[in-house]
Amino acid sequence: MLETICEVLEDAYKRNWITSRDGNVSIRHHDRDHFYITPSGVRKQTLQPDQFKKIKIWRTINSGVGSAAFNYAWEDMEYTDISAKLRPSGEIPLHFGLQREMGQHSDDVRVVVHVHPTYCVAAMHAGIDLSTVVNSFPELSRYTKVAPNVGDVPPISQELADQCHKNLQLDRNGNIAYDIVGIKGHGVVAIDTSPWRAYEHIERLEHICKIVLASGNY
Ligand SMILES: [Zn+2]
């Protein structure tokens, strides 16, 4: 599936949803205690599977009273020679929080895709909460549950990660109530069981945002 992620990012680049070094994707199989994430600062239209970073998930029991059951940490693992020279995406706090427990995808694969789709970002810039467009376009909600927007947060920050997790209603078991969330002035994050499925949430929301903005009625 790493090859598929490369195809997805190449497609996102062709659609102008990212410039060369933007965008990041992670993938985890339920029976592995590691996940793969795109490297930082690499041109996404020529990304190769051997450039991915392999990230170990450490889970230790939290002995503290009244707090969460586990402590989590991540660690770079050996993967390929090319990968060893690269760093994981700066958005790793966002991905790690969504990959450390897999919730409703506990018997499957979880893919997290972050890109900057033009009309989704434009709609948020125009003041539209992406979770409300579903009211006028019921076809959207048949396949895609859209979370309320995350406000202005700095890119590659723990704050961005925390706000996205909160608005997606991520719980301690990794369950997520929504398929996609928008970050104002930035982009979107979509989650599903394959790269193309996650991508389709973005495509669907992007299409509706384009229609809304073209109508001038918002
Ligand atoms: Zn971004």
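**Notebook: helix pair, sheet, zinc site**

I started with helix H1 (residues 2-14) and helix H7 (residues 195-215): their axes come within 9 Å and cross at roughly 25 degrees. That makes H1 roughly parallel to H7 (angles under 35 degrees count as roughly parallel, over 145 as roughly antiparallel, 65 to 115 as roughly perpendicular and the rest as oblique). Axes here are lines fitted to C-alpha atoms, for helices over the stretch in contact, with angles from 0 to 180 degrees between N-to-C directions. Helices (H or I, at least four residues) and strands (E, at least two) are DSSP runs, numbered from the N terminus.

A note on the source: this is a predicted model, where local features need pLDDT of at least 70, side-chain atom pairs count only at pLDDT 80 or more, and totals for chains, interfaces and linings use all residues. Residues are numbered from 1 along each chain as its sequence is written, and side-chain values use heavy atoms, with hydrogens and water left out.

Next I listed who meets whom between the two helices. From H1, Thr4, Ile5, Glu7, Val8, Asp11 and Ala12 meet Pro195, Trp196 and Tyr199 of H7 (contact means heavy atoms within 4.5 Å). I sorted the residues of this contact into six nonpolar, one polar and two charged (Ala, Val, Leu, Ile, Met, Phe, Trp, Tyr, Cys and Pro are nonpolar, Asp, Glu, Lys and Arg charged, the others, Gly among them, polar).

Then the sheet. I traced an open sheet of seven strands, in the order E4-E3-E2-E1-E5-E7-E6, with antiparallel pairing (two strands pair if DSSP finds at least two bridges between them). Strand E4 (70-77) and E6 are the edge strands, each pairing on one side only. I get an average twist of 20 degrees from one strand to the next. H3 packs on this sheet, touching E1, E2, strand E3 (53-61), E4, E5 and E7, and its direction makes about 155 degrees with that of E5.

On to the zinc ion. Its protein donors are His114 (NE2), His116 (NE2) and His186 (NE2), lying 2.1 Å from it (donors are N, O and S atoms within 2.8 Å of the metal, 3.2 Å for Na, K and Ca; water is not among the atoms, so sites may look incomplete). I read the spacing along the chain as H-x1-H-x69-H. His114 sits in strand E5 and His186 in the loop between strand E6 (180-183) and strand E7 (187-192), 72 residues apart. Both His114 and His186 are buried (under 20% relative accessible area; exposed is over 50%, partly exposed in between, with a 1.4 Å probe and protein chains only).

Last, I checked His105, in the loop between helix H3 (92-99) and strand E5 (109-115). His105 is buried, at a relative accessible area of 10%.
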